[in-house]
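Please walk me through this structure stop by stop. At each stop, tell me what to select in the viewer and what is there.

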Amino acid sequence: MINKIVRTMADAMQGIADGATVLVGGFGSVGQPDALIDGLIEQGAKDLTIVANNAGTGRTGLARLMELGRVRKIICSYPRSAGSVVFEELYKAGKLELEIVPQGTLAERMRAAGAGVPAFYTPTGYGTLLAEGKPTAEFNGKPCVLETALHGDVALVQGLAGDRWGNLTYRRSGRNFNPVMAMAAALTIVQVDELAPLGTLDPEQVVTPGIFVDRVIHIPQAA
Amino acid sequence: MSEAAFTPLSRKQMAARVAQDIPEGWYVNLGIGIPTLVADFVPAGREVVFHSENGVLGMGPAPAPEDADPWLINAGKQQVTLVRGGAYVHHADSFAMIRGGHLDLCVLGAFEVAENGDIANWATSANDSAPAVGGAMDLSAGARRLWVVMEHTTKEGAPRLVRRCSYPLTAMGSVRRVYTNLAVLDVTPEGFAVVEMAPGLTLEALQARTDAPLRMAAKTEGSL
């Protein structure tokens, strides 16, 4: 019997290695797998590369992971936002490597990784600082930049409902990066608000099918 | 030398002026700041579909306090609503809508716009300690039309409509039209063409506040 549901956070986090690239879902705090981030903090892996749209706020979650010195590099589109104090301190002190990626390119690089496309050309960023040093080519008169797939060793994802095969639904704008990150990682770990018995999720409503998911842990959200 | 008195547009008037030019049926992405206000001025009954980069197509206004939903936010991370007919998508699909040329229009703010349509709106210097680009480059390169809405000059009075951008570029040659507190201008192969000016303003006074050379647009020129 296939059963991807794990009972403890320790089981969910098992095997995340030092030096891993970890994809973290969410746009700001919406759709961000807070319990899994806390689990990663507890688990202890270090020298991590974190891929996320934002670089954490306050001193909890991603910001806490960075403050503990566990993050070597962050790849994101919008690191600086209200309350991103830890990021700004560490970056200014030279203790954190930063790769800025246009938001759509960030999403597409992960989609490409999940889809087996090693690289792609995009018009986004052509002629800007973010394209410096990258190969370019023109298609139908449009100059484009070559971008490479972005693979994760691990993805931390938040879903609404999940079943023991790992099929997932999402909640409103909490979907954001979660489905592409689920596709792009070797080990995809999901926290869900609701556990669904197999066969009860409407197949038409499943956004991430279980083939992209390795572990599911039930973390009921406060309403 | 004294100038004739003129009345600059307020932020709300600028947003309303942009909204006036958005026809029914367009799919539109609005950036943060004055662009966000544009949605408030689209006349009731004119169906325009607003896109938010974080996977919302058919975004509606802020909710009443009792309907607040923490799971439904816009690109500025403010709570919003979904209109009837709206849909949610994931990030790669949301940016496929942008990059794939499916959006009729994107309206952004900017630091500078150049007469060749270059836009600079994400970093204030090449050494910006930690710049944040978000979706600005994707939107600028991908939307079918890019309009910019911004103050005509900086707070210190320096021109923001320039021959060449001095700030790091967001995209090259993308801006189609600029709405400022002083004028509406089209970006043409011959540079900026003034479509209209704030009440009482002369072309000379506008030129004095603009780095790039200006000319009046021919009546037939103003195509969206």
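**Stop 1: a glycine in chain A**

A:Gly114 counts as buried, because 22 C-beta neighbours lie inside 10 Å and the cut-off for a buried residue is 20 or more. The model is a predicted one. Select A:Gly114 and you are in helix H5 of chain A. Leaving aside residues up to four places away in sequence, A:Gly114 touches A:Val180, A:Met183 and A:Ala184.

**Stop 2: H5(A) against H3(B)**

Now select the whole of helix H5 of chain A, residues 103–115, together with H3(B). Their axes come within 9 Å and cross at roughly 125°. The crossing of H5(A) and H3(B) is left-handed.

Show the side chains of the contact next. On H5(A), select A:Gln103, A:Gly104, A:Ala107, A:Glu108 and A:Arg111. On H3(B), select B:His91, B:Ala92, B:Phe95, B:Ile98 and B:Arg99. Coloured by class, the residues of this contact divide into four nonpolar, three polar and three charged.

**Stop 3: the side of chain B that touches chain A**

In contact with each other are 32 residues of chain B and 37 residues of chain A. On the chain B side, helix H3 (91–99) and helix H4 (136–142) each supply at least two residues. The largest share of that side, five residues, comes from H3(B). By class, the side of chain B that touches chain A has 18 nonpolar, nine polar and five charged residues.

**Stop 4**

How many of its nine residues are buried? Seven are, so H3(B) is mostly covered. Select B:His91, B:Ala92, B:Ser94, B:Phe95, B:Met97, B:Ile98 and B:Arg99 to see the buried residues. Their cover includes elements of both chains: from chain A, H5, strand S5 (119–122) and helix H6 (178–184), and from chain B, strand S1 (27–30), strand S2 (49–52) and H4.

Move on to B:Gly100, in the loop between H3 and strand S5 (105–108) of chain B. Is B:Gly100 buried or exposed? B:Gly100 is exposed, because 11 other C-beta atoms lie within 10 Å and the limit for exposed is 12 or fewer. Draw a distance from B:Gly100 to B:Phe111: the two are 11 residues apart along the chain, and their C-alpha atoms are separated by 26 Å. H3(B) is followed by B:Gly101, where phi is positive, near 75°.

**Stop 5: H1(B)**

Stay in chain B and select helix H1, residues 11–20. Its buried residues are B:Met14, B:Ala15 and B:Val18. These residues lie on the same side of H1(B), because they cover an arc of only 100° around the axis. Covering the buried residues of H1(B) are, among others, helix H2 (34–37), S5, strand S8 (146–149) and strand S10 (175–179) of chain B.

**Stop 6: H2(A)**

Go back to chain A and select helix H2, residues 34–43. Which residues of this helix are buried? They are A:Leu36, A:Ile37, A:Gly39 and A:Leu40. An arc of only 155° around the axis holds them, which puts them on the same side of H2(A). The cover over these buried residues includes helix H1 (9–13), strand S1 (21–24), helix H3 (62–67), strand S8 (152–162) and strand S9 (185–195) of chain A. After H2(A) comes A:Gly44, with a positive phi near 105°.

**Stop 7: two loop residues of chain A**

Select A:Asn140, in the loop between strand S6 (136–139) and strand S7 (142–148) of chain A. A:Asn140 is not a glycine, yet its phi is positive, about 50°. A:Asn140 counts as exposed, with 5 C-beta neighbours inside 10 Å.

End at A:Arg172, in the loop between S8 and H6 of chain A. Phi of A:Arg172 is near 45°, again a positive value in a residue other than glycine. With 18 C-beta neighbours inside 10 Å, A:Arg172 counts as partly exposed.

Key
Residues are numbered from 1 along each chain as its sequence is written. Chains are lettered from A and ligands numbered from 1 in the order in which they are written. This is a predicted model: local features need pLDDT of at least 70, side-chain atom pairs count only at pLDDT 80 or more; totals for chains, interfaces and linings use all residues. Helices (H or I, at least four residues) and strands (E, at least two) are DSSP runs, numbered from the N terminus. The arc is that of the directions from the helix axis to the C-beta atoms. Two residues are in contact if their C-beta atoms, placed from the backbone, lie within 7 Å. Ala, Val, Leu, Ile, Met, Phe, Trp, Tyr, Cys and Pro count as nonpolar, Asp, Glu, Lys and Arg as charged, and the others, Gly among them, as polar. Axes are lines fitted to C-alpha atoms, for helices over the stretch in contact, and angles run from 0 to 180 degrees between N-to-C directions. A crossing is left-handed if the near helix is turned anticlockwise from the far one by less than a right angle, and right-handed if clockwise.
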